[in-house]
Amino acid sequence: MKNQTDYRLQNAATSEIFEDKYWMLNDPGHEKPALVRAVYAKRQLELKDESLGFYKFSNWLPICRILENSSAPVTYKSEKYAGKLGLENLYITFSGYWPEKGAHMTSCSFKETEAYSVCGRLEPDDKRVLTVASAGNTARAFAKVCSDNKIPVLISIPADNMDSMWFEKPLDKCVKIINPPSGSDYFDAIHLASTVCKSGMFLEEGGAKNVARRDGMGTTVLSAALETGRIPDAYFQAVGSGTGTIAAWEANMRLLEDGRFGKTVMRLYPAQNYPFIPMYEAWKKNSRDIAFDDENEARKLALQIDAKVLSNRKPPYGIAGGLFDALNATKGDMYYVTNEEIEEACATFEEYEGIDVTKASGVAIKALEKAVADGNVKKDEFIMLNITGGGEKRFKKENKVYYAKADLVIDPHNNDEDFIIKSVEDLFK
């Protein structure tokens with residue numbers, strides 16, 4: 001593998017270090033499931049030129065190439081909203097479209113950080129089709145990045161979430177979209193993608209298991225640390241899988257090793273959208289395990305939440321190195337937020353900060369308000385609020401957008417695997 005950055009991989013459970021022989025998603029030397037982490041040769045963060053966009057962080061990204069049209073997260077100190085909450089050091093890390101702040105993610109989502117990192121890990125001569133499952137914003141980000149850079153990609157997204165598939169220009173033909181049918185959720189999209197990846201034509205992106213995805217999202221914390229000169233005391237983010245919060249923890253550990261940003265272990269406060277709160281419920285029971293008594297009932301709950309992107313029924317919560325370990329290691333906690341509270345939080349943020357945000361961001365905003373109310377954060381602490389998507393309303397007002405359509409709708413539960421695989425392979429012939 002021809003890496004641009006010098007790194008190896010480490011088993012989160014055993015701490016054993018091994019070479020990345022290309023696209024390794026786990027430690028082949030151990031059967032017990034565990035996340036693997038990238039260990040970079042350069043222990044201090046070296047920022048590259050701003051003209052590289054997101055890739056200014058490339059010394060801490062497991063990549064072999066730099067792609068076009070990227071943008072980095074932007075961190076700024078809040079005044080108006082911080083004043084409303086009585087916080088002296090509230091820093092907002094914004095990923096989305098807000099030109100005045102220097103934010104130019106035209107998908108309006110921090111999932112671009114995942115897509116540019118994962119696709120940067122993909123070797124140019126790999127002829128397999130990258131395959132990504134998503135509830136919405138990840139699908140939009142990967143489709144945009146792959147379309148812009150002519151990288152063949154298969155996107156699996158629930159049919160009911162296709163309103164997320166809007167773009168500033170029509171997609172290149174290298175992007176193909178498949179749907180499990182109406183009434184399906186994110187896990188059904190994952191199941192469909194996994195079935196397709198049994199064909200040698202397709203390459204499983206890997207989700208939370210892919211170090212490039214997590215280290216891409218971890219750049220939000222790097223942005224905050226560079227702006228403040230220190231590691232934040234507390235971190236707030238909405239979660240569906242929890243991968244972004246795991247990434248924040250891993251970025252924190254790297255900054256501790258760097259030595260220039262203090263010795264703070266950042267308390268993590270991820271939040272879910274009620275009534276779909278499986279990780280919250282497991283955490284409050286001090287349990288590593290998520291179990292649904294009825295999978296169909298779990299699917300129904302997932303479909304009831306307004307922040308559709310937060311609907312993962314199989315998150316990396318209990319796995320070694322996952323969210324349960326991250327919360328314990330950082331003395332963090334979890335919150336949940338109702339659909340009604342999301343609307344209120346989004347409106348309040350836009351009123352005080354001057355930009356619209358996604359419903360998932362509304363979950364994080366309300367969680368912060370609850371933490372202030374119950375005393376989990378102090379007024380003089382350095383707080384990082386991760387706004388994972390924003391500016392969508394503004395972008396659509398200022399630009400013409402194009403909605404993509406599915407190339408194939410197919411039920412992964414009512415069709416045999418061979419039929420599914422052949423049907424999807426035919427899309428790329």
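Let me start with what covers helix H2: around its buried residues (buried meaning under 20% relative accessible area with a 1.4 Å probe, protein chains only) we find, in contact, that is with heavy atoms within 4.5 Å, elements including strand E1 (7-11), strand E8 (129-133), helix H3 (137-149), helix H5 (211-217) and helix H6 (219-228). Helices here are DSSP runs of H or I with at least four residues, and strands are runs of E with at least two, numbered from the N terminus. This is a predicted model, in which local features need pLDDT of at least 70 and side-chain atom pairs count only at pLDDT 80 or more, while totals for chains, interfaces and linings use all residues. Residues are numbered from 1 along each chain as its sequence is written, and side-chain values use heavy atoms, with hydrogens and water left out.

Why do we call H2 largely enclosed by the rest of the structure? Because 11 of the 11 residues of H2 (residues 111-121) are buried, among them Lys111, Tyr116 and Arg121.

Now please look at Ser71, which lies in the loop between strand E3 (36-40) and strand E4 (74-77). With 8% relative accessibility, Ser71 also counts as buried. Leaving aside neighbours within four places in sequence, Ser71 is in contact with residues including Gly53, Phe54 and His104, and a polar atom of the Ser71 side chain lies 3.3 Å from the backbone nitrogen of His104.

Finally, H7 passes H10 in a left-handed crossing, left-handed meaning that the near helix is turned anticlockwise from the far one by less than a right angle. The contact is made by Thr245, Ile246 and Trp249 of H7 and by Leu323, Asp325, Ala326, Ala329 and Thr330 of H10.

Notes
Buried < 20%, exposed > 50% of the residue type's maximum accessible area, 1.4 Å probe, protein only. Polar contact = N/O pair within 3.5 Å; in protein donor to acceptor, adjacent residues only side chain to side chain.
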